[in-house]
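My notes follow, in the order in which I took them.

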2 protein chains.
Amino acid sequence: MTIEQWGVFETVLDGPSSGNPFRDVALSATFSNGADEVTVDGFYDGDGRYLVRFSPPTPGHWRYRITSNAAGLDGLEGGFRASEPTAGNHGPVFVAGMFHFAHADGTPYRPVGTTVYNWVHQPPELYLETLDAVTEAGFDKLRFLVFPQGGNHIAHIPERFPFARTDDGGWDVERPDPEFFQQIDGAVADLLERGIQADVIILHPYDRGQYGLDGLTAEQDATYLRYLVARLSAYRNVWWSLANEYDQHERPEERWDDVFRQLEAIDPYGRLRSIHNWLRLYDYNKPWVTHASIQNGWAVAEPGRAVLYRDAYRKPIVLDEIKYEGDTVERWGNLTPEELVHRFWIATVSGVYASHGESFRDERDSLHIVSGGRFQGTSPARLKFLRRILEEVDGVGLDPIDKWDDDTSTVGIPGRMYLRYLGRRSPGSWAFWLPQGVEGERLEIGDRFRVEILDTWHMTITPVNEIFELDHVGRNAATAPGAVQLPAGAAIALRITRVS
Amino acid sequence: MTIEQWGVFETVLDGPSSGNPFRDVALSATFSNGADEVTVDGFYDGDGRYLVRFSPPTPGHWRYRITSNAAGLDGLEGGFRASEPTAGNHGPVFVAGMFHFAHADGTPYRPVGTTVYNWVHQPPELYLETLDAVTEAGFDKLRFLVFPQGGNHIAHIPERFPFARTDDGGWDVERPDPEFFQQIDGAVADLLERGIQADVIILHPYDRGQYGLDGLTAEQDATYLRYLVARLSAYRNVWWSLANEYDQHERPEERWDDVFRQLEAIDPYGRLRSIHNWLRLYDYNKPWVTHASIQNGWAVAEPGRAVLYRDAYRKPIVLDEIKYEGDTVERWGNLTPEELVHRFWIATVSGVYASHGESFRDERDSLHIVSGGRFQGTSPARLKFLRRILEEVDGVGLDPIDKWDDDTSTVGIPGRMYLRYLGRRSPGSWAFWLPQGVEGERLEIGDRFRVEILDTWHMTITPVNEIFELDHVGRNAATAPGAVQLPAGAAIALRITRVS
């Protein structure tokens, strides 16, 4: 059997089905390539089937040995060969350059994601329609819930739930429904096939008393977490989001710390870990947090705000909710597409990332962020354009250049490339000017640059037919003679690239 | 002997003067009122004199017993009576209401401070002139350096330095100069007498190779810190600022963590502790930090920024450098007074605090922030007006009401009092409107409010001759019929107070 590096190796074992195998059977496997050892949990998948999944971090021959309290499983051995990764497989995503992300092979990853909370809980046709829509729109990350949502805007009660019910109407987390979790596995695998990161939201408060899944105890959380991690962690596109709007749960913050610590301890791959807020930010400085996943659209409603999060956390900032393109009466759901795209560009020139979501009322009286389906909005095409611009950045990511002083927010890679967003202003021309910060390559007299005019709404790139050569370099800024004539209209950006 | 509660009890002991008493003689005293015990370090003050200072946290009889490795000191005992505090003595300042400060007796403390780095190192006349100027201007906190500054804008080399020199030109931190530190004591005591908090900056990088005081080792830091804390911590107005622009020092961040931990361990009173940045923020979420002391003028150059620091740190935010009123060529030193005052008001309606500083070139070719003296600027009078407005707030402090959604930044105490700053805009009238958040008292139909128009520049308070009664209360806002006619001009604020 051959699995590519960073792919998913899976072995199916037959074992006991009496009693409660979820609870009673302990199962782990230690994989070794002779140099490195990785121990992963296996899990019960129902009907006497036990699965072990493993993602080889390096190519080569891997052997494994099963440890279990079930006599028929303990001591089983096997192996497989991991091949070099195929084209398009760049490995899992990690933090790179403090504020950015890259795949394990070094390829930068630029999150331009969207959100469909109950994607997995919909009928198969709608599930597939959403998957196709997200893929075609060019989003490279999808946030979705494991547990189904109750309350407003919910048009569909799912057929399956994660756990069996107890006699008193609670949830028996020691009896997961394998078919429910197979849907989750399948969703992650479907995204992986399309090159999309799966931002898996482990817990959420949107239950409104309907299902009671927001009321698990700490012990129940831990049991569920172990099962989920055993099932999903081998998929290289998994990101862990502990919760959406964690502070709407009635739980002390220490409980979230504990979940982070558990996750850190049991995830053999160290997948990305964060948590998403309502009004109270989690302390993203805590060591087990890999990046900040923040809800705050206001932070990118004007330039100059979101950059403060970078200073506070010194980790990648992903604004995973900046309000949505749509037409709901709620104020979180009625941005114009122009405003949403504007906020993405403000995020970009603040050195942070943002996520999309759509909230037009659909024919089911639901919203895209809730149930999915085709996109109705006009922002996705513009965000695909933004993603193209980000992908063309030759470096780990865009950082503010003269932090806290350049009010119009220029980001880039010092000395090499700059991106400047003019926002709602529409000047007739722009005198060539570059900020100079304290980090990276210094600008020098004689450095030459070309300029492209990006129309972020009309998605055009217009090269300026002129080379700008620096004739003055000061402590905080450099200038070249000449000016760029700008088209009428708002939402213009400038891409300035060193030519020599 | 009677000392008031929170005052400074001091006893002078005669002891050995041979060898190096600073290094060789260990001295501490345990104070007890029968219920509580406090142990403080004593210190050598030169000429065979040893001092022990203690600030009684409660009134009543206090006894002490000396512990020392010097036979003549060990076992000495004594006592004093602590009286009730006299008028104006509200005790030390602590954090209150998460984002604010209050004295130990519950009286709110609103920082409106200024900065004179080398105040203590100037000739006596200039020292006193500064003290009088700061007092008359109404500033209630003063930031100053213990170690003298080298480099630019320094017109005066001080007569005394903190330590004796070693033979190889270094500093012998085990031989402090008592007269130097007596000046520091005196400065803290002088401020205490005038009701001004002493923001003592323990280390700084502004040495430029001139003195070498920025190059102490971790062990030297610890020796110095212990001596400083033994001398100063009994003064109730002491705030500890570990460093100015800490990230200009060439030290790993862990060294600063260690200094915080040492300070926390040896300061018997738990005085406020922070550290001030250049470009890289310290992690103010660390448990030993009591409040964030941040340099970033840009955070209050526009509304909507500084509030993010509150979310990130959940501690009081004091912007201890927002650029200065002055006329230097450096961009940190040439704000107009209008701009500086504007930034203070933005800080206020962001729920944070700011510090003043003045940088006009003076007759000594120095700056006020460097050497002190009379103020030349016109911002101090306006900041005194702001301080008055803050002091009139009947509550722990001003917090944003509808965080992340009210773009014009209204702060207040929900249901009771609101402060709204209109900034550079100058509308002709303002339709009565209040934001509603999720915390505190809810607005209800029939609630009645009066409005005052504050001209933040001309320092006038004009009551509006009308009562506004809420006739609509929504989820996020409430309105009353009628509008407030506003005067022409910028920098208008509105104070809106519930009357029934």
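I began with salt bridges, taking one as a side-chain nitrogen of Lys or Arg within 4 Å of a carboxyl oxygen of Asp or Glu. Over all chains, the count by this rule comes to 92. I picked out Lys286(A) with Glu253(A), whose closest N and O atoms are 3.7 Å apart. Lys286(A) lies in the loop between strands E18 (273-274) and E19 (292-295) of chain A and Glu253(A) in helix H5 of chain A, so this pair ties together parts that are 33 residues apart in sequence.

A note on ground rules before I go on. The model is predicted, so I keep to its thresholds: local features need pLDDT of at least 70, side-chain atom pairs count only at pLDDT 80 or more, and totals for chains, interfaces and linings use all residues. Residues are numbered from 1 along each chain as its sequence is written, chains are lettered from A and ligands numbered from 1 in the order in which they are written, and side-chain values use heavy atoms, with hydrogens and water left out.

Next I checked helix packing. Helices (H or I, at least four residues) and strands (E, at least two) are DSSP runs, numbered from the N terminus. How do H4 and H5 of chain A cross? The axes of H4(A) (residues 218-232) and H5(A) (residues 253-266) come within 10 Å and cross at roughly 30°; I use lines fitted to C-alpha atoms over the stretch in contact, with angles from 0 to 180 degrees between N-to-C directions. That makes the two helices, H4(A) and H5(A), roughly parallel (angles under 35 degrees count as such). For the contact (heavy atoms within 4.5 Å), I listed residues including Leu225(A) and Val229(A) from H4(A), which meet a set in H5(A) that includes Val259(A) and Leu263(A).

Then I turned to chain B, where E9-E10-E11 is the order of an open sheet of 3 strands with antiparallel pairing; strands pair if DSSP finds at least two bridges between them. E9 (93-96) and E11 (108-109) of chain B are at the edges, each with a single partner strand, so one side of each has no neighbour in the sheet. E9(B) and E10(B) are joined by 4 bridges, and Ala96(B) has His100(B) as its bridge partner. These two strands form a hairpin with 3 residues between them, and Gly97(B) in the turn has a positive phi of about 55°.

Methods:
Angles under 35 degrees count as roughly parallel, over 145 as roughly antiparallel, 65 to 115 as roughly perpendicular and the rest as oblique.
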